[in-house]
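Visitor: I'd like to learn how to read a few features of a fold. Could you walk me through one?

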Amino acid sequence: MRKLGMGMMRLPLLDPNDQKSINYPLATQMVDEYMKRGFTYFDTAFMYHAGESEVFVREAIVKRYPRHSYTVTDKLPAAQITTYDDMQRVFNIQLERTGLEYFDYYWFHAINRAYVELLDRIDGWKFLKQLKAEGKAKHIGFSFHDDSQLLERVLADHPEFEYVQLQLNYIDWNSPVESRKCYEICKKYGKPVIVMEPVKGGSLANVPAEVEQMMKEVNPAMSPASWAIRYCASLPGVLTVLSGMSNMEQLTDNMGYMEDFQPLNEEENALITRVVDAINKNIDIACTACHYCTHDCPQHIAIPQYFKLMNVVKQLGESQVPNSRMYYNLLARDFGKASDCIQCGQCESMCPQHLPIIDNLVRVAERFENR
């Protein structure tokens with residue numbers, strides 16, 4: 001397997017504020033180019049693009065390519081489960097949406113402490129083993145969004161899992177996300193790693209100008225995104241690196257250096273160390289725009305978009321009047337204001353970055369409202 005997977009959480013959209021509005025002609029063209037160059041790994045999930053991602057898999061891949069020519073990973077979300085029977089119900093929906101008879105890889109999606117407690121309570125761990133025994137999931141594993149201590153517990157208690165999908169990138173290597181510690185635990189238990197968020201929601205593709213200049217001095221031909229993805233792919237035990245590509249330019253760039261992948265050399269690794277220090281000075285809120293926080297938000301608050309505006313202010317200065325205009329443009333689309341937050345906490349419980357979202361929304365309101 002080539003080390004570039006197509007993540008289907010950030011497909012091109014016709015309306016950037018409507019996750020279901022996938023640009024089918026463009027996204028299908030991207031699939032075709034990806035397959036033409038010999039890449040085969042597609043990653044989707046029940047909640048991506050509000051369910052439309054799985055449908056896109058059916059229309060763009062399953063109906064148009066022979067089954068042996070690609071692999072699909074799908075995931076079982078905790079938010080849809082309260083009983084053991086719910087697991088089979090959701091799985092059947094996923095088969096129907098994708099048009100598949102089996103998944104090459106099937107994961108528990110976004111394992112955290114609450115999800116572990118749920119699976120313990122309903123004896124849900126055996127469900128994936130059952131799917132594998134029936135041939136409906138060729139390989140089983142889980143994507144992980146919690147601390148290294150919990151990861152070690154899960155791997156020790158459940159050796160049946162073959163793979164772990166980790167959020168891993170050079171900024172999160174030693175951050176509260178614990179990329180390094182989690183990666184080392186996977187190595188300890190001999191589990192191959194599939195990398196998600198290598199570009200941290202696109203933030204490592206849009207680095208500050210000083211950082212981009214540092215990169216060009218070492219290798220003028222490499223894009224900022226290429227540094228991030230090659231960093232992850234260079235780690236021993238990484239099976240593939242997912243990239244959520246939203247346009248043809250991103251896809252072409254990624255395929256250009258991953259078709260004949262070369263690991264980072266000593267000089268390039270040294271640059272990454274300097275880059276981490278420089279970038280950390282320019283990030284206000286480490287949001288990856290995964291939109292997990294907006295799923296079922298009772299106030300329909302555009303949390304990732306508001307946090308992006310805060311980061312622009314941090315990088316470009318407090319005088320960014322256009323950002324206030326962008327804030328109110330979002331409100332005009334019927335999104336809730338930051339100050340509408342009722343502090344229910346569901347967003348924070350879903351956040352893979354463990355961000356203090358409620359406190360940050362207070363800051364957003366102070367910065368952009370009543371101006």
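Visitor: Let's start inside. What volume does the largest cavity have?

Guide: Keep in mind that this is a predicted model. As for the general idea, rolling a probe the size of a water molecule over the atoms shows where empty space is left. Here the largest cavity has a volume of about 90 Å³. Its lining takes in 14 residues, and Cys297, Ile301, Cys341, Cys344 and Cys347 are the closest to its centre. Helix 14 (346-350) and helix 15 (357-368) are the elements that give two or more residues to that lining.

Visitor: How many cavities of 30 Å³ or more are there?

Guide: The count comes to three cavities of 30 Å³ or more.

Visitor: And how does the lining of the largest cavity divide by class?

Guide: The lining of the largest cavity has 10 nonpolar and four polar residues, with no charged residues.

Visitor: Which residues are closest to the centre of the second largest pocket?

Guide: The second largest pocket has a volume of about 450 Å³. Of the 22 residues in its lining, Gln19, Ala50, His291, Thr294 and His295 are the closest to the centre. By class, the lining of this pocket splits into 11 nonpolar, eight polar and three charged residues.

Visitor: Where does Ala289 lie, and what is its phi?

Guide: Look in the loop between helix 11 (266-280) and helix 12 (303-316) for Ala289. Phi of Ala289 is near 55°, again a positive value in a residue other than glycine. Ala289 counts as partly exposed, at 27% relative accessibility.

Visitor: Thr288 sits in that loop between helix 11 and helix 12 too. Is Thr288 buried or exposed?

Guide: Relative accessibility is the number to check. For Thr288 it is 2%, and the cut-off for buried is under 20%, so Thr288 counts as buried. Thr288 also shows how sequence and space can be read side by side: Thr288 and Phe307 are 19 residues apart in sequence and 9.5 Å apart in space, C-alpha to C-alpha.

Visitor: On to the strands. How many residues of strand 4 (residues 103-111) are buried?

Guide: Nine of the nine residues in strand 4 are buried, so by the under 20% cut-off the strand is mostly covered. Now look at its partners. Strand 3 (residues 71-77) pairs with strand 4 in the parallel sense over five bridges, and Trp107 of strand 4 is the bridge partner of Lys75. The chain gets from strand 3 to strand 4 through helix 3 (residues 84-98), in a right-handed β-α-β crossover. Strand 4 also runs parallel to strand 5 (residues 137-144), joined by six bridges. Ile111 stands opposite Phe144 of strand 5.

Visitor: Which residues point one way from strand 6 (residues 163-167), and which the other way?

Guide: In a regular strand the side chains alternate between the two faces of the sheet. In strand 6, Tyr163, Gln165 and Gln167 point one way, Val164 and Leu166 the other way, and all are buried.

Visitor: How many bridges join strand 5 to strand 6?

Guide: Four, and strand 5 and strand 6 run parallel. Gly141 stands opposite Tyr163 in strand 6. Between strand 5 and strand 6 the chain passes through helix 6 (residues 148-157), and this β-α-β crossover is right-handed. Strand 6 is joined to strand 7 (residues 193-196) by four bridges, and these strands run parallel.

Visitor: One last residue. What does the side chain of Gln353 contact?

Guide: A polar contact of 3.2 Å joins the side chains of Gln353 and Lys200. Gln353 is found in the loop between helix 14 and helix 15, and Gln353 is buried, with a relative accessible area of 7%.

Note on methods: Residues numbered from 1 in each chain as written. Predicted model: local features only at pLDDT ≥ 70, side-chain atom pairs only at ≥ 80, totals over all residues. Heavy atoms only, no water. 1 Å grid on protein atoms, 1.4 Å probe; cavity = no way out; pocket = protein on both sides within 12 Å on 5 of 7 lines; lining within 4 Å. Points joined across faces, edges and corners; volume = space filled by probe spheres on them. Nonpolar A, V, L, I, M, F, W, Y, C, P; charged D, E, K, R; others polar. Buried < 20%, exposed > 50% of the residue type's maximum accessible area, 1.4 Å probe, protein only. Pairing = 2+ DSSP bridges. Right-handed = clockwise from strand over helix to strand, strands pointing away. Polar contact = N/O pair within 3.5 Å; in protein donor to acceptor, adjacent residues only side chain to side chain.
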